[in-house]
Structures are given as C-alpha cells and as structure tokens.
Amino acid sequence: MQIGVVGLGRMGANIARRLMRNGHSCVVWDRDPQPGRQLAGEGALAAAGLPELVRALAPLRAVWIMLPAGPATEATVADLAVLLARDDTIIDGGNTFWKDDIRRGRELAALGLNYVDVGTSGGVAGLERGYCLMIGGEKPVVERLDPIFSALAPGKGSIPATPGREGRDHRVEKGYLHAGPSGAGHFVKMVHNGIEYGMMQAIAEGLDILKHAGSPKLPKEMRLAIDVAGAAEVWRRGSVITSWLLDLTAAALAEDAELAAYAGHVEDSGEGRWTVQAAIEEAVPAQVLTSALYARFRSRQEHTFAEKVLSAMREGFGGHVEPKVQRDGEPGQP
C-alpha cells in the first residue's frame, strides 16, 4: 500500500522505515527537512509540504500523523482535512487524549473523511521489534488498512499461543487490536501507559531497597551488600517479573551500577494523568497507578536512586532524555 507519514521524529521515521521494509510505499514530510532527505535516500518520497504530500498519494489516501499530542496534531489534522478528498483517511498514531479522538472522528465524518486513532507502543526499538498497536475506528476502514497495521506489528514471533483463544481474532496474537470506534485505540493505549508507570515504579523502588540494604541506619549485623545489577540480571531469567522493562534496567545497571548519568528527574507524557482521570470518572480505585504518577511529580523536587532507575528505563524504551534542570546558582538554560 501507499501511505503518507507526517512527523519524522524517533518513532515516525522508523514507522516509515518498517513499512518500506515490508514493501509499502511512503510519502513523508516533516517541518525539519533533514529526516525527509534521509528517508528519501532509503526509498521514500520526501514532500516539501502537506499539499505536495497529498498530491503524491493516490486515492484512497491514508496519512499517518506521528506528532506530539496537542496543538501540533490538531493543526495538522485541520490542514489535512482541507487537502484530502472524500473517503480518505487520517491516522493519528501519537499519544492523543482519547476524548479528542471522538471529537475529531465526528468532525471529520461530517466532511466525508475517515479517522483512525492508533495507540502505538514500541518506542525506539519498534523498527526491529515491531509496534504493538491499539486501533480505534470504523471496522471497514480499519480492515482496508490491515496491511499497514500487519506490517508494523511484531507478528506472532516465538511467544506461545494462549490456550483457549481458538476461533478468536487472530490479529491480537500478531500484536495489533481493533479496540472499537474512534477513541478506543488511544483509550487502551492510555491505560497501557498507566500500567507502565506502575510497573516501572515497582521495579525502581525494589532496586532502591536492595541498594540501601547496607545502610548505616541498620544494625551492623543486618547490613547486606547486594549486587543490584546482579539482582536485576538474575530476575530477567525465569522469574515472574521478567519483562522488557527489566531488560532495559539490567542493561543500564550493567553499564553503570550507580546510574551516575541520571539525575532522577522523571517527566510524564500525560497519559498517566489521563489514566488516573479516567479512573476517577469511572470510580475505579487505582492506588498503584496514582502513586506512580505522584512519584514522578515528587522526583522533580528531590531525587533518589529509584528515580535514576526510572530515567534509565525511559531512555531505554523511548529515547527520553532527562530535561536540563536549572539548579540554584546555575545560569539559566537556553
């Protein structure tokens, strides 16, 4: 299939690459021309702007937007709505708030356009590993775009089949789910990210406890010198908490057991907040997810080893670099 990709950052560019590797044709654009030029050298057609990108696509057109949630995505959707023709499709693969998807889907439908929201998980490793996709939109549109989603998803790989799933939607076993109408994809991804916060916080706090097992505050005979990096490594192998997050943590600790390169200032993408908000609206208790979000807020005031672990994991799976924080007595950052 042919598809347009708008937004060529860490994930957008690799989404285009993975699609091209699987035989699809990509027309790409970013306000920074450099990643477009690089992708053009790898087989994409780099457009000079949105009008040129739309002209280069054959009907029925599909344009995948991979931009930060908020004004940038809103403006791009609005611009494309003017440029595209009836029955064309706009796909938002970023971290948009799911209620905005419902509004957009309704507004675009009135113009004769289709809207699909895709919660995309896989981070900077998605090019090789594939992306777990949670998709919202009308069934006929999602099914027509299935070759795109299938190419981006990880596939079955070596993960054993889950007993009792015979006769059910086989796509989920390949790493992509049609979750429901507009908004459903990003809603499922939002909750996924909320869970991610909790899992990361549990790993980080547990390793912090191990690190301080030799604290001078403890009776001398109770002090333990635990190899924290070794514990993370052994947990990866056969334990019930084996996970990609633990893999990333073990790799960071193997490189530097003190995580000296990290201050422990942990940002949040917004989806943890939205998950807690949804829990409040639904009257669902979410103590772990809420506490994990608040721990990130606190990390911006004082830092512990646990927060350095969180920073290391975020850089590992998403390429998130800690912001430069101005300290007392330091010159302001540009």
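Reader: At 2% relative accessibility, does R104 count as buried or exposed?

Author: This is a predicted model, where local features need pLDDT of at least 70 and side-chain atom pairs count only at pLDDT 80 or more, while totals for chains, interfaces and linings use all residues. Residues are numbered from 1 along each chain as its sequence is written, and side-chain values use heavy atoms, without hydrogens and water. Buried means under 20% relative accessible area, exposed over 50%, and partly exposed in between (1.4 Å probe, protein chains only). With its 2%, R104 is therefore buried.

Reader: Which side chain meets R104 in a salt bridge?

Author: A salt bridge needs a side-chain nitrogen of Lys or Arg within 4 Å of a carboxyl oxygen of Asp or Glu. For R104, the N to O distance is 3.2 Å, and the partner is E74.

Reader: How many residues apart in sequence are the parts that this pair ties together?

Author: Helices here are DSSP runs (H or I, at least four residues), numbered from the N terminus. R104 sits in helix α5 and E74 in helix α4 (residues 71–83), so the parts tied together are separated in sequence by 30 residues.

Reader: What is the distance between the closest N and O atoms of E271 and K189?

Author: Let's look at where they sit: both E271 and K189 are buried. They form a salt bridge, and their closest N and O atoms are separated by 3.6 Å.

Note on methods. Helices (H or I, at least four residues) and strands (E, at least two) are DSSP runs, numbered from the N terminus.
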